[in-house]
Amino acid sequence: MEFIRNFNKISQQDITIAGGKGASLGEMTKAKIPVPPGFVILSTAFEKFLEETDLNVEIDSILHSVNHKEIHTVENASTKIKTLILNAEIPKDITEEILKAFKKLKAKYVAVRSSATAEDSKSAAWAGQLESYLNTTEENLIDNVKKCWASLFTPRAIFYRFEKELHKQKISVAVVVQKMINSEKSGVAFSVHPITQDKNQILIEAGFGLGEAVVSGQITPDSYVVEKKPRRIIDKNVQVQTKALYCSKNGGNEWQEIPKEQGEKQVLSDNEILKLSQIILKIEKHFGFPCDIEWARGKNQFYIIQSRPITTLSDKKQKQVIYEEVFTRDFSLPMLQVWYKGEAYDPKPWSGKQQKFLPYIVFLREDDTVKSYYDPRGVEWIKNHIKETIESDPNFLDKLKNQVTKKLKPIQSIYENETPLSKNKLLKFIRNFEVAYPWVEAMWWLCEMNDEELNSLDISSIKKLRKKTTKLSAGTDIVVRKSLKRIFPKIKDYIHVLTLEEIETENIPQLSELKKRDKQFIFTQNRLYIGSHLVEYIEKEYGILLKRENFNKNIIEIKGIVAYPGVVRGKAKRVMGHKQISSIKKGEILVSPMTMPDFMPAMKKATAFITDEGGITCHAAIVSRELKKPCIVGTRIATKVIKDGDLIEVDANQGIVRILKRSGKNIKKSSK
C-alpha cells in the first residue's frame, strides 16, 4: 500500500488520496508554478492507522451521536475523538516512510498541514477548519501528523461537515509536508475581488514575516487592488505594522517587533505587486476558476503555498450580503425582540407595502453589550419608500406625527419616568411599544436622511417630535429591566437575557443557560442562537458577512469630535453596559460605545467621557456640557483600543485621545 507521494507525482485527479490541498500543490508543481518542494502523507496512511488501532468503529459511533444544531454535542464528540487519535500509536511502517521522505527534503523546518479528501470544491472550502503546524522539525514531525489527523474532528470541522451535508460521505484526511520558506513577506491573494466580485480585479493582502499572522487575522495587512486589463495598481491601503511572526531558533513561531521605519512602509513594492499578480493570473488560467491563494516571499523570490477555489463568489441573486454595524447599546433581549418585530413588520402600516429585504437585522451580544448589524439594502429600501410615500401622499408628514404621538401616548409617561411594572402591565406596555414601533421607525429613518436625500423637504416638525422621544429606547429598556428585577428577583443579574416568551410563561431557563446568553448570543430571524462559533454559523446559515471594523490595536492616538473642551489625564474605565456602571471609580475616564440615561451615576464620578459613536447632540455630549466635563465622541474604535487601567489623556481641545501608558506596561512604540 502506498503511503507517501511527492508533489511532482500528484495531480488534481488525486484529491481522494491527497486531499484538496495536496492535489492543488501537486497540480501547481506540474504546471511549473513556484511551489516549495514537499510530499503528501496520503489518506491511505490515516485509514490504515484507524484500522490497525480499531478506532474507525468508535469514531463512527461517536459521530452518530452528533446533532449539529446543539453545539454541545459537537464539542463532546470532538473531545472524545481527538483524545482517541492523539493517544494511539502510528504503525511502524508508516512512521518509517514519513521520516525517510522528510530526510530526502533536506529541510530543517517544514510546514505540516491537514488536507481533507472532501476539501475545497467550488461550493465548499475547508479553509480554516483544519490545522497547520509551521516550523516543524524532525523531532516533532510525527506528533504534528497525528494532530493534523485529529483536526479532522475539531468542533469547527465536525460542524462544517454536517452544515455542508458531508457527514454521510466518506471523509478522510491526508497531510501535506512542505519545506518552510523563511518568509520576509507573505499573505493571501484573490484572483477575483472577493467583496466587489469584480472579475477584472485582483486583491492582494501582505504582511511582514510568516503568512499565518495574516491568515489568522492577528495583524492588519496592507491591501492592494490590481486591475487585470490594463495591468495596473488601482488602490493601495498601507497599514502600520508593529510586529511579525517569524521562525524561532528552536523551531515553532515567535512574534518579533518590527522597527518603526520598516513597519510604516508599504510591505510589497509596486514592482513586487505586479510580479505577484502575474503568478496569480497564471494560477487562475491553469485551474480555470477564481482562486484564493496563500503566498510567501523569501530570498527575493515568490512562492505559492496553497491555492483553492474562491467559494464565496456567486451569481447576483445569491451574492453574499455584507451587514454593517449601525449602533452598539446594552439593550435587554426583550427590547431587541420588540425592535426586531417593529423593523420586520410587513407590510409597513404607514404604506401598506411589503419590504423587499426582510428581515434585515442581526443583534450580537458580546463584550457585555449588543451590536446591531443591518443589511444596507433594507435600510435603503425603507429610506426610498419613505420618500416615495411622501411624494405620493402630501399629508404623510402630518399623518406620521399624529400616529407617533397617538401610539406612544399609552407608554410615554411610563418610559419617561422609568416606572417599574407588574408582569401583566409590563407585557401590555411591550405590546403597545410593538404597535408604535413601525411608525417610530419611519420617524427615526426620516431624521437620519440628509438634505440631498430629502430633496430639501422641510422636516423640522418631525425633528422636533424626534427630540421629544429621545428617551424612548433607553427609557423603555430601563422599564423592562426594573420590572423584571421585581418579577424575578432570584435571577436579577440575568433578567436582561430572558425572552418575552419566557417572561410570559414564567418558564425560566437554568442559571447556566442564562450565563451563556449573557456571555454571547445572536438574535435574528426571530430566533435566539447561543453556543460557540456563533458569528461563523450565522454567516453561513444566512449567507451574510458581519462587517467588522479594521484597526491597528497598537494605536496610541485616537481622534474624535469635541463635545466639550478641556484636557484631563486619568485611568480609563470601559463601561460597555449596565454591569460596569457601578464599578467606575471617582476620577476615572469613562470609555463607552455610547452612554445612556442610566449611565449618569458613572458619568458623575468620571472626569471625562469618550465614546465610539455619536455627534454633538448625543447623550454623552449633552451631559458633558451640563457637567462641564471634557468629552470626545464619535471615535469609532475607542472601546476596542483602550483597556481598563490604561493611563490616557483626553485632549478635548483638539479632539484627540492619547494612550500614555498601557495597564501594567509602558508605551514603547508609536502607531497613529
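Student: What should I know before I start?

Tutor: This is a predicted model, where local features need pLDDT of at least 70, side-chain atom pairs count only at pLDDT 80 or more, and totals for chains, interfaces and linings use all residues. Residues are numbered from 1 along each chain as its sequence is written, and side-chain values use heavy atoms, with hydrogens and water left out.

Student: OK. How many helices and strands does the chain have?

Tutor: The chain has 23 helices and 28 strands. Helices (H or I, at least four residues) and strands (E, at least two) are DSSP runs, numbered from the N terminus.

Student: Why is the chain called as compact as a globular protein of that length?

Tutor: Its radius of gyration is 28 Å, close to the 26 Å that the globule rule gives for 672 residues, so the chain is as compact as a globular protein of that length. The radius is taken over C-alpha atoms, and the rule is 2.2 Å times the number of residues to the power 0.38.

Student: And what does the C-alpha trace span along its principal axes?

Tutor: About 80 × 55 × 55 Å.

Student: How much of the chain counts as buried?

Tutor: 55% of the 672 residues. Buried means under 20% relative accessible area, exposed over 50%, and partly exposed in between (1.4 Å probe, protein chains only).

Student: Now the inside. Which residues touch the most other members of the largest nonpolar core?

Tutor: Ile41, Trp149, Trp339 and Leu446, in a core of 139 residues. A nonpolar core is a set of buried Ala, Val, Leu, Ile, Met, Phe, Trp, Tyr and Cys residues joined through side-chain atoms within 4.5 Å.

Student: Which helix gives the most to this core?

Tutor: Helix H14, residues 423–448, with 15 residues. Apart from this core lies another, of 38 residues, including Ile10 and Leu25.

Student: Back to Ile41. What does Ile41 touch?

Tutor: Leaving out residues up to four places away in sequence, Ile41 touches Phe3, Ile4, Ile98, Val145, Trp149, Ala174, Val175 and Val177. Contact means heavy atoms within 4.5 Å.

Student: Where is Ile85?

Tutor: Ile85 sits in helix H4, residues 71–87. Ile85 is buried, at 0% relative accessible area. Beyond four places in sequence, the residues that Ile85 touches include Phe49, Leu55 and Trp149.

Student: How far apart are Ile85 and Met1?

Tutor: They are 84 residues apart in sequence, and 21 Å apart C-alpha to C-alpha.

Student: You mentioned Phe49. Which residues of H2 are buried?

Tutor: Ser43, Thr44, Ala45, Phe46, Lys48, Phe49 and Leu50. Helix H2 covers residues 43–52, and seven of its ten residues are buried. Just after H2, Asp54 takes a positive phi of about 60°.

Student: Which other residue has a positive phi although it is not a glycine?

Tutor: Lys299 is one of them, with phi of about 50°. Lys299 is in the loop between strand E12 (291–298) and strand E13 (301–309). Glu418 has a positive phi too, near 55°. Glu418 lies in the loop between helix H13 (396–417) and H14.

Student: Are those two buried or exposed?

Tutor: Lys299 is exposed, with a relative accessible area of 76%. Glu418 counts as buried, at 17%.

Student: New topic. Where is the cis peptide bond with omega about -10°?

Tutor: That bond joins Lys229 and Pro230. Pro230 is in the loop between strand E8 (222–227) and strand E9 (232–237).

Student: Last one. What is His578 in contact with?

Tutor: Leaving aside neighbours within four places in sequence, His578 is in contact with Asp330, Asp477, Arg481, Met596 and Asp598. His578 lies in the loop between strand E22 (567–574) and strand E23 (589–592). His578 is buried, with a relative accessible area of 19%.
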